[in-house]
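Colleague: I'd like to learn how to read the ligand sites in a model like this one. Could you take me through it?

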Amino acid sequence: MSNAAAPATEGSDRSDAPAHVAIIMDGNGRWAAARGLPRAEGHRRGVDALRRVVRASHELGIRYLTIFSFSSENWSRPASEIGDLFGLLRRFIRNDLASLHRDGVKVRIIGEREGLESDICALLNEAEELTRDNTRLTLVVAFNYGSRQEIAKAAQKLAREVGEGRRNPDTIDAETLGANLDAPDIPDPDLIIRTSGEQRLSNFLMWQAAYSELVFVPIHWPDFDKAALEGAIAEFARRERRFGGLVAKTAS
Ligand code: IPE
Ligand code: IPE
Ligand code: MG
């Protein structure tokens with residue numbers, strides 16, 4: 001992901017939306033526990049929230065929406081919960097891919113694919129292939145994703161090039177490393193939202209978040225909707241982004 005800015009979509013509700021919004025969809029388990037329901041039900045309702053937010057993102061003129069769907073560290077959860085989360089991803093792609101494609105959504109996946117079951121890999125590839133020429137909204141799904149792992153993988157790639165004599169180590173700078181991350185063509189997130197009240201990144205887009213505005217909202221992910229997204233965007237619009245300089249740039 002680079003720093004390039006993208007224009008707002010024509011026909012959107014508003015023009016001050018950030019180009020790239022990234023969301024840490026947290027609080028499914030607590031949402032369910034508060035209602036005496038199994039955690040799996042929270043995850044299932046979380047997928048409904050995701051559908052709402054993809055639609056709202058279209059309407060608000062967001063160009064890139066990145067969602068944190070399964071972290072490298074989520075493997076430490078019980079096997080049954082991991083099974084539920086993988087099952088939901090499978091169903092989401094099987095059920096929603098056609099309508100995402102119809103709506104002009106381009107799907108991209110970041111994260112480690114090695115070691116994933118082959119049917120999941122096939123679904124992820126199918127989603128990317130089918131939607132590759134769409135231009136309305138890019139939905140980046142961070143699945144089996146960890147920022148440290150992504151950065152380490154980029155470093156390994158560059159080290160290999162040096163070892164094979166194909167690269168002079170002096171050419172390695174922040175730009176080169178950034179260009180070797182999972183989706184170097186996608187601009188850095190302008191706004192990162194985390195639901196459920198937690199105020200941490202949990203290994204999400206740590207490189208790309210260097211100048212992102214962070215907004216933490218208290219509501220759990222299954223309750224997140226267009227109004228909540230608009231609230232976070234309004235907070236973003238009040239921020240002054242300076243990128244290390246002295247002159248404030250309006251957030252959007
Ligand atoms: C987010 O909800 C979904 C994933 C992390 C996959 P959680 O499952 O983390 O819900 P809480 O944080 O336990 O409430
Ligand atoms: C971050 O949430 C990962 C996803 C939303 C996929 P977690 O619930 O795993 O994060 P921690 O463990 O509370 O930091
Ligand atoms: Mg959580």
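Modeller: A residue is near a molecule if one of its heavy atoms lies within 4 Å of it. With that cut-off, 13 residues surround ligand 1, and the closest are D26, G29, R30, R39 and R77. Before we go on: this is a predicted model, where local features need pLDDT of at least 70, side-chain atom pairs count only at pLDDT 80 or more, and totals for chains, interfaces and linings use all residues. Residues are numbered from 1 along each chain as its sequence is written, chains are lettered from A and ligands numbered from 1 in the order in which they are written, and side-chain values use heavy atoms, with hydrogens and water left out.

Colleague: Which polar side-chain atom lies 2.8 Å from an oxygen atom of ligand 1?

Modeller: One of D26. We call a pair of N or O atoms within 3.5 Å a polar contact; within protein, one must be able to donate a hydrogen and the other to accept it, and residues adjacent in sequence count only if both atoms are side-chain atoms. The backbone takes part too: a backbone N or O atom of G29 is 2.9 Å from an oxygen atom of ligand 1, and a polar backbone atom of N28 is 3.2 Å from one.

Colleague: How much of ligand 1 does the protein bury?

Modeller: The protein buries 86% of the 380 Å² that ligand 1 exposes when taken alone. Such areas come from the Shrake-Rupley method with a 1.4 Å probe; for residues, only the protein chains shown count as cover.

Colleague: Which element gives the largest share of the shell around ligand 1?

Modeller: That is α1, with three residues. Helices (H or I, at least four residues) and strands (E, at least two) are DSSP runs, numbered from the N terminus. Around ligand 2, strand β2 (residues 64-71) gives the most, also with three residues.
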